[in-house]
Amino acid sequence: MHELLAWHPAFSVLAILAVGVVAAVVVGPSPWRRRAAALLTLAALPWPFLAPAPVALRAALAFMAAWNFMRVVEVGARGAALPAWRRVAHVLMLFDTLATVRAPRRVDVGTLVSALLWTGVAAGGLWAALHLDPHASGYLPARWGLGALAFYAGFESMVGFTVATLRLLGLEPPVLHDRPILSTSIREFWGLRWNRVVHGWLKAFCFEPVRSRLGTGAGVLATFAFSALHHAYLVWPAQGVEMALCMAAFFAVQPVLLLVERGAGTRDWPVPLARVFTVAFIAASSPLIVEPVLRVLESAA
């Protein structure tokens, strides 16, 4: 069996997918079914550490395992009464299928062109970041800057292609990602623009439950604490504890940046200056998340 797993890493991918599918079928309106489905996905979280898969694939397995848990919890709360195939689709898809509606089919040329341009930026930035001479002057700042650019552009590209594909199929998704680079505050960046799919989950299952009991500040801390643990888990199987802690530190520092922002009174600043402040502070902390991601990608090269 061990040899089968070692020679066929795809088996690990199929195993994690199977866990998501089974959990989506199990989850239902009753509390015991929701708990059973969530526990099933939690039981799969150690698998990326144990699977004799390539290092980069372990990061992908960790993402899939964590995604299964988050989506199963969400479908249990929002769509447990739906047919099994709808629950499975929601768990496996990277967009909010529960909020997606039917619309006339159309070819969204503008979104496709934008996605292609962002893909070029992401590919160029990533290639440059991974091929810099480590002995050159300014190596780390250039590596992190190009890596941050590639990370941002890659996310924009992925979202653009997803939206364009759904519209071609006659589906209109909710806002997935809303040009975070235009944010006038760090609060706006995280609360309104960046990765609306995950933001919705964090708001429903981290922020609101804690805020209703302990207040807004505690809700914010709980949200970033979960984000820190979540992202640390994603790189831990592939790059070890050091890079996992580095990734977690990025999210741990965000509440501090929010306090700095509040103290600086950026809400009253001119919009261009507020945008520069926001981008500068997010960029300053970005090496904490960029370096782990680059090391995962380097291991796949």
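Hi everyone, let's start with Leu17: at 33% relative accessibility, this residue counts as partly exposed, a label for anything between buried, under 20% relative accessible area, and exposed, over 50% (1.4 Å probe, protein chains only). Please keep in mind that this is a predicted model, where local features need pLDDT of at least 70 and side-chain atom pairs count only at pLDDT 80 or more, while totals for chains, interfaces and linings use all residues. Residues are numbered from 1 along each chain as its sequence is written, and side-chain values use heavy atoms, with hydrogens and water left out.

Leu17 sits in helix α2, helices being DSSP runs (H or I, at least four residues) numbered from the N terminus. Together with Leu14, Val21, Val25, Leu92 and Met93, Leu17 makes a nonpolar surface patch of about 450 Å². Helix α2 (residues 10-26) supplies the largest share, 4 residues.

Now, which residues lie nearest the centre of the second largest pocket? They are Thr111, Val159, Gly160, Val163 and His177, out of 17 lining residues. A pocket here is an open set of points on a 1 Å grid where a 1.4 Å probe fits, with protein on both sides within 12 Å along at least five of seven lines; lining residues have an atom within 4 Å of a point. Helix α8 gives the most to this lining, with 5 residues.

Finally, Gln239 belongs to helix α11 (residues 216-264).

Terms used:
Helix = DSSP H or I, 4+ residues; strand = E, 2+ residues; numbered from the N terminus. Patch = residues over 30% accessible without salt bridge, like charges linked within 9 Å, V, L, I, M, F, W, Y side chains within 5 Å. Areas by Shrake-Rupley, 256 points an atom, 1.4 Å probe, with all protein chains shown as cover. Salt bridge = Lys/Arg side-chain N within 4 Å of Asp/Glu carboxyl O.
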